[in-house]
Amino acid sequence: MARCTAPVRGHQSASARANCPACGGSYSSNYRSYSTPSYSSSYRSGGGGSSSGRSGSSAKPRWSRAGSSVVYTVQEVRALTPIRNSVEKLAERDDLDLRDVFLCHAWDDRKGVAKELHDLLESQGVSVWFSEKDVGLGVPLLRAIDKGLAKSRVGLVLVTPALLSRLQTEGIADKELSVLLSGERLIPIVHGTTYEALREVSPLLGSRSGLSTAEEPIEDVVTKLAELVTI
């Protein structure tokens with residue numbers, strides 16, 4: 001019986017397959033190419049590299065909503081997949097009553113972009129732990145934050161110039177980050193600053209891939225977060 005020459009010569013062309021004594025005939029699509037299980041990718045023109053990892057390649061993550069028009073980069077899908085896996089594992093437990101996200105932000109941003117991010121998330125059905133509404137008068141702030149972190153699936157860190165300034169003084173936001181950085185539950189949301197500036201202040205946080213409002217509208221960032229945490 002004739003032997004297939006694919007292990008030596010490959011069948012990556014019609015002529016190679018036609019010359020094989022075992023296979024012969026025309027090229028078939030049975031030749032398998034590499035693909036990743038978390039997403040399918042395609043090329044999107046007009047892209048370019050940036051500090052947040054965006055490029056010309058776009059991808060559709062397995063958790064993206066049907067009919068969603070939001071475009072993810074391959075790098076974003078790779079960064080968010082471990083977090084999605086964590087969300088799915090937590091969803092399997094019936095004994096947990098968790099918020100979808102914990103929003104870590106600088107005190108200075110509480111009535112500005114942090115409030116905007118909170119409101120947009122809740123408008124898409126995402127439950128958010130937000131200090132402005134979840135810490136009552138007279139309640140010890142650090143204790144309330146501890147409970148909020150323990151009762152949330154994912155941690156969002158709103159990286160702004162105000163947060164970078166606070167991190168250098170090792171305030172409450174720094175303590176929140178210490179907890180969030182310990183697991184696969186942290187997503188930096190960069191707004192009004194850059195990843196380069198973040199890495200100068202916090203190399204560990206800056207090493208985490210996230211989303212940036214400089215690359216896309218905050219509404220699209222919120223849609224991605226909503227898709228990520230929705231089961």
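**Note on the cores and the parallel sheet**

1. The largest nonpolar core holds 31 residues, and those with the most contacts inside it are Val 101, Leu 121, Val 154, Leu 156, Ile 187 and Leu 225. A nonpolar core here is a set of buried Ala, Val, Leu, Ile, Met, Phe, Trp, Tyr and Cys residues joined through side-chain atoms within 4.5 Å. Buried stands for under 20% relative accessible area, exposed for over 50%, and partly exposed for what lies in between (1.4 Å probe, protein chains only).

2. This is a predicted model, in which local features need pLDDT of at least 70 and side-chain atom pairs count only at pLDDT 80 or more, while totals for chains, interfaces and linings use all residues. Residues are numbered from 1 along each chain as its sequence is written, and side-chain values use heavy atoms, with hydrogens and water left out.

3. Helices (H or I, at least four residues) and strands (E, at least two) are DSSP runs, numbered from the N terminus.

4. Apart from this core lies another, of 21 residues, including Val 135, Ala 144, Ala 162 and Val 190.

5. Val 101 is in contact (heavy atoms within 4.5 Å) with Leu 121, Val 126, Ser 127, Val 128, Trp 129, Ser 152, Val 154, Leu 156 and Val 229, leaving aside its neighbours within four places in sequence. Val 154 is also the bridge partner of Val 101 in β6.

6. An open sheet of 5 strands runs in the order β5-β4-β6-β7-β8, with parallel pairing. Its edge strands, β5 (128-129) and β8 (211-212), each pair on one side only. Two strands pair if DSSP finds at least two bridges between them.

7. Within the sheet, β4 and β6 run parallel and are joined by 5 bridges; β6 and β7, also parallel, are joined by 5 bridges. Strand β6 is mostly covered, with 8 of its 8 residues buried.

8. Val 190 has bridge partners in two strands: Val 159 is paired with Val 190 in β7, and the partner of Val 190 in β8 is Ser 212. The parallel strands β7 and β8 are joined by 2 bridges.
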